[in-house]
Amino acid sequence: ATAYRLGVLDADGKLVWAWEGPETSVVLGGVPGRQPAEGGPVITPGSSWSVIAFDGRGLIVAISEVRSVSP
């Protein structure tokens, strides 16, 4: 994979934060070492995440299961 799309969902399954890029890890909120000025996303009990991996042509090569997050 050459790019990834990450989605974080609240307990109701509503998308609360998304990110896309080539990195294999990312800081929640996208700002390493500090929280964004607008407050950024908050992980609460019942939150979950999923990631989609893309190849160099932008085609999907894998989709993860939705996984739980522990705050």
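This is a predicted model: local features need pLDDT of at least 70, side-chain atom pairs count only at pLDDT 80 or more; totals for chains, interfaces and linings use all residues.

Biologist: Where is confidence lowest and where highest, by strand?
Modeller: S2 is lowest, with a mean of 91, and strand S4, residues 60-63, is highest at 98.

Biologist: How many helices and strands are there?
Modeller: Zero helices and five strands. From the N terminus the order is β-β-β-β-β.

Biologist: Which strands does S3 pair with? Start with S1.
Modeller: Strand S1, residues 3-9, pairs with S3 in the antiparallel sense over seven bridges. Within that pairing, Tyr-4 stands opposite Ala-53 in S3. S3 also pairs with S4, again antiparallel, over three bridges. Strand S5, residues 67-68, runs antiparallel to S3 and is joined to it by two bridges; there Ser-48 stands opposite Ser-68 in S5.

Biologist: What sits between S3 and S4?
Modeller: Five residues, and the two strands form a hairpin. Gly-58 in the turn has a positive phi of about 85°.

Biologist: Now Ile-52. Which strand is it in, and what is its bridge partner in S4?
Modeller: Ile-52 lies in strand S3, and its partner in S4 is Ile-63.

Biologist: Is Ile-52 buried or partly exposed, and why?
Modeller: Ile-52 counts as partly exposed because its relative accessibility is 22%, and buried means under 20%.

Biologist: Switching to Ser-47. Where does it lie?
Modeller: Ser-47 is in the loop between strand S2 (15-21) and strand S3 (48-54).

Biologist: Is Ser-47 buried or exposed?
Modeller: Ser-47 counts as buried, because its relative accessibility is 2%. Its side chain reaches the backbone oxygen of Thr-44 at 2.7 Å. Not counting residues up to four places away in sequence, Ser-47 touches Leu-9, Asp-10, Ala-11, Arg-67, Ser-68 and Val-69.

Biologist: And for the whole protein, what share of residues counts as buried?
Modeller: Of the 71 residues, 27% count as buried. The accessible surface comes to about 4,900 Å², with 54% of that belonging to carbon and sulfur atoms.

Notes. Residues are numbered from 1 along each chain as its sequence is written. Side-chain values use heavy atoms; hydrogens and water are left out. Helices (H or I, at least four residues) and strands (E, at least two) are DSSP runs, numbered from the N terminus. Buried means under 20% relative accessible area, exposed over 50%, partly exposed in between (1.4 Å probe, protein chains only). A polar contact is a pair of N or O atoms within 3.5 Å; within protein, one must be able to donate a hydrogen and the other to accept it, and residues adjacent in sequence count only if both atoms are side-chain atoms. Contact means heavy atoms within 4.5 Å. Accessible areas come from the Shrake-Rupley method with a 1.4 Å probe; for residues, only the protein chains shown count as cover. pLDDT is the predictor's confidence in each residue, from 0 to 100. Two strands pair if DSSP finds at least two bridges between them.
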